[in-house]
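Please keep the structure in view while reading, and look up each residue as it is named.

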Amino acid sequence: MKVSFTLAIKSRSATAAIDSYETIPSPIVPGQPFKLLLNFKNIGSSDISSLDASLSLNGSQFSTVSASAKQRISHLPQGETATLTYSLAAHSSAELKIHNVPVTLSYEDDKKTSFGETQLIGLTVNAQPILDISIAETDFFSVNSPATVT
């Protein structure tokens with residue numbers, strides 16, 4: 001018995017990707033503000049509209065400073081890039097390590113089909129060590145003479 005049927009495969013016509021990102025300054029210092037620049041690229045085959053990018057900061061070592069953790073790109077043509085800038089601060093108790101931060105994307109293609117996904121970025125928190133020196137005792141007697149410091 002032979003059966004014939006038609007199979008329609010729908011390809012994903014719109015795809016937004018985090019093309020690159022950077023922090024200013026880099027690395028991030030605990031207790032200090034910084035800018036996060038996220039560069040998005042439309043790698044799909046149609047234009048994207050209403051691209052919302054939300055940073056998931058709950059339970060993280062970061063907070064927003066002057067704006068929301070959710071921002072929007074109103075239109076992103078196929079093959080083009082756009083940048084969103086977030087004003088953030090690392091908590092003063094932030095661990096010195098790479099912190100994964102989820103970025104949730106939601107957007108529509110030119111046919112008004114909705115898409116959503118979550119991508120991870122890694123934010124490096126680091127700082128110069130602070131060296132404290134204590135002097136227990138000295139046997140300093142006069143200028144330009146040898147002395148012992150312990």
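Four strands make up an open sheet in the order S1-S2-S6-S4, and their pairing is antiparallel. Strand S1 (16-24) and strand S4 (62-64) are the edge strands, each of which pairs on one side only. Here strands are DSSP runs (E, at least two residues; helices are H or I, at least four), numbered from the N terminus, and two strands pair if DSSP finds at least two bridges between them. On average, neighbouring strands of this sheet are turned by 40 degrees against each other, direction ignored; the axes behind this angle are lines fitted to C-alpha atoms, for helices over the stretch in contact, and angles run from 0 to 180 degrees between N-to-C directions.

The model is a predicted one, in which local features need pLDDT of at least 70 and side-chain atom pairs count only at pLDDT 80 or more, while totals for chains, interfaces and linings use all residues. Residues are numbered from 1 along each chain as its sequence is written, and side-chain values use heavy atoms, with hydrogens and water left out.

## How the strands of this sheet are joined

Strands of a sheet pair through backbone hydrogen bonds, either parallel or antiparallel. In this model, S1 and S2 run antiparallel and are joined by eight bridges, with Tyr21 standing opposite Leu38 in S2. S2 in turn pairs with S6 in the antiparallel sense over nine bridges, and Asn39 has Thr83 in S6 as its bridge partner. S4 and strand S6 (residues 81-90) are also antiparallel, pairing over three bridges, and the partner of Ser63 in S6 is Ala89.

Seven of the 10 residues of S2 are buried, so this strand is largely enclosed by the rest of the structure. Buried means under 20% relative accessible area, exposed means over 50%, and partly exposed lies in between (1.4 Å probe, protein chains only).

## Ser87 and its surroundings

Ser87 has its place in strand S6, and it counts as buried because its relative accessibility is 14%. Its side chain is joined to that of Lys35 by a polar contact of 2.8 Å. A polar contact is a pair of N or O atoms within 3.5 Å; within protein, one must be able to donate a hydrogen and the other to accept it, and residues adjacent in sequence count only if both atoms are side-chain atoms. Leaving aside residues up to four places away in sequence, Ser87 touches Phe34, Lys35, Ser63, Thr64, Val65 and Ser66, where contact means heavy atoms within 4.5 Å.

## Two aromatic pairs

Rings of Phe, Tyr and Trp (its six-membered ring) pair if their centres lie within 6.5 Å, and planes under 30 degrees apart count as stacked, over 60 as edge-to-face and the rest as tilted. By this rule there are two aromatic pairs. The rings of Phe34 and Phe62 have centres 5.8 Å apart and planes at 75 degrees, so this pair is edge-to-face. The pair links distant parts of the chain, since Phe34 lies in strand S2 (residues 33-42) and Phe62 in strand S4, 28 residues apart. Both Phe34 and Phe62 are buried.

The rings of Tyr107 and Phe115 have centres 5.6 Å apart and planes at 25 degrees, so this pair is stacked. Tyr107 counts as buried because its relative accessibility is 2%, and Phe115 counts as buried at 16%.

Strand S3 (residues 48-55) and strand S7 (residues 98-109) run antiparallel and are joined by six bridges, with Ser49 opposite Glu108 in S7.

## The nonpolar core

A nonpolar core is a set of buried Ala, Val, Leu, Ile, Met, Phe, Trp, Tyr and Cys residues joined through side-chain atoms within 4.5 Å. The largest one has 31 residues, and those with the most contacts inside it are Leu36, Leu38, Phe40, Leu51, Leu55 and Phe62. S1, S2, S3, S5, S6, S7 and S8 each supply at least two residues of this core, and S6 gives the most, with five residues. Not counting residues up to four places away in sequence, the residues that Leu38 touches include Tyr21, Leu55, Thr83, Val103 and Ile121.

## The chain as a whole

The protein chain has zero helices and eight strands. Of its 150 residues, 32% count as buried.
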